[in-house]
Each structure stands twice: as C-alpha cells, then as structure tokens.
Amino acid sequence: MKNRLTGFSFIELMIALTIISILILLAYPSYIQHRLTANREQAKQLLQACATELTLYHKTTQSYEDIALQPLPSPLQNVCNTPHIQTLKHESYQLKALSANLHTYQLIAQRQGSQSNDICGDLTIDQHGKKTLQNTQDASLEDCW
C-alpha cells in the first residue's frame, strides 16, 4: 500500500495567491476612497460643532475678534475645546480660523497627510453656516458637503 501525502501542490498554492492578490488590487482603491470620505465626514462634524460653540461664544462676548487666527482651540479664549470637539479631532485635518472680526468668522478644515489626495479640498464654514470648498480639484459642493 502506498503512503501518499496530501496537501497543496506548488501550482495550487501559486494560483490561490494570485487570486488573493488580484482581489486585493481591486479592493484597495475602494478602501482608500472610503477612508478619505470617512475622514471628511469627521471634519464636517468638527467644523459644525465648532461653529455652534462659536455662536454661543458670540452671544456671551458679542464679538469673534478674540479668536486667534491659528489652529484651534484658540489659546486666548479656549474656543472649540469642549470634550465633544476634542473627540472629533482627527490627524487628517487641522481646524483653523481664517478670519475673525466683530460679527463674522470663517473656519477652515485643512487637509493633512494622506487626506491631501481628497478631491474635495479644504472645507470651510462661516458664521451664517455657509459652506464652501477651497483648493478643490473640480469637486462639487453637493458631493463634498
């Protein structure tokens, strides 16, 4: 009686690895796009939460002038530093105040790192809730916001 070993042959193993490699190559771009979209959604939540906090800040101080034009939270008044906003912070975006005066402001979520490949560009919002895009690559406002 012959004692035959069972298992995969080298050819079968190579075919299986080739199929797995092809599936990975097909799925990877979709995964990257999903990550970019998820990071953008978190940045939108961060901008809207900070805009809400700034509205409350304006009701108290009657001004947006004290907001430092640098990455938030503002070191002057600690604006946009609530625990809720801190949990939304993400390494793919940096929240900044682009402009701030007595009755107006404009916030921007600037892309960083791998998020720089996102075609939507940088997200902005102002005191009226007007949402715009900056540094975009032909993306529409409806698709990105």
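**Questions on a predicted model**

Analyst: In this predicted model, Glu53 touches Asn78, Val79, Cys80, Asn81, Thr82 and Ile85, with residues up to four places away in sequence left out of the count.

User: Is Glu53 buried or exposed?

Analyst: Glu53 belongs to helix 1, which covers residues 10–61. A residue counts as buried when its relative accessible area is under 20%. The value for Glu53 is 17%, so the residue is classed as buried.

User: What pattern of helices and strands does the protein follow along the sequence?

Analyst: The secondary structure consists of three helices and four strands. Read along the sequence, these elements give the pattern α-α-β-β-β-β-α.

User: Why is the protein described as more spread out than a compact globule, and what is its radius of gyration?

Analyst: The C-alpha atoms fill a box of roughly 95 × 35 × 20 Å along the principal axes. For 145 residues the globule rule gives 15 Å, and the protein lies well over that value, so it is more spread out than a compact globule; its radius of gyration is 24 Å.

User: What percentage of the accessible surface belongs to carbon and sulfur atoms?

Analyst: Of the 145 residues, 33% count as buried. The accessible surface of the protein comes to about 9,500 Å², and the share belonging to carbon and sulfur atoms is 58%.

User: Which residues form a disulfide?

Analyst: A disulfide is a covalent bond between the sulfur atoms of two cysteines. The sulfur atoms lie 1.9 Å apart, and the residues concerned are Cys120 and Cys144.

User: Where in the chain are the two cysteines, and how many residues apart are they?

Analyst: Cys120 is in the loop between strand 2 (105–111) and strand 3 (122–126), whereas Cys144 is in helix 3 (residues 141–144). Both Cys120 and Cys144 are buried. The pair links distant parts of the chain, with a separation of 24 residues.

User: Is the disulfide of Cys120 and Cys144 left-handed or right-handed?

Analyst: The handedness is read from the torsion about the S-S bond of Cys120 and Cys144. That torsion is about -80°, so the disulfide is left-handed.

User: Which residues is Lys130 in contact with, leaving aside its neighbours within four places in sequence?

Analyst: Lys130 is located in the loop between strand 3 and strand 4 (131–134). With a relative accessibility of 54%, Lys130 counts as exposed. Once its neighbours within four places in sequence are left aside, its contacts are Thr124 and Ile125.

User: How is Gln62 classed, as buried, partly exposed or exposed?

Analyst: Gln62 is in the loop between helix 1 and helix 2 (83–88). Although Gln62 is not a glycine, its phi is positive, at about 65°. Its relative accessibility is 46%, and Gln62 is therefore classed as partly exposed.

User: How is Asn135 classed, as buried, partly exposed or exposed?

Analyst: Asn135 is in the loop between strand 4 and helix 3. Asn135 is not a glycine, yet it has a positive phi of about 55°. At 53% relative accessibility, Asn135 is classed as exposed.

Technical notes
Residues numbered from 1 in each chain as written. Predicted model: local features only at pLDDT ≥ 70, side-chain atom pairs only at ≥ 80, totals over all residues. Heavy atoms only, no water. Rg over C-alpha atoms; globule rule 2.2 N^0.38 Å. Buried < 20%, exposed > 50% of the residue type's maximum accessible area, 1.4 Å probe, protein only. Areas by Shrake-Rupley, 256 points an atom, 1.4 Å probe, with all protein chains shown as cover. Disulfide = S-S within 2.5 Å. Contact = heavy atoms within 4.5 Å.
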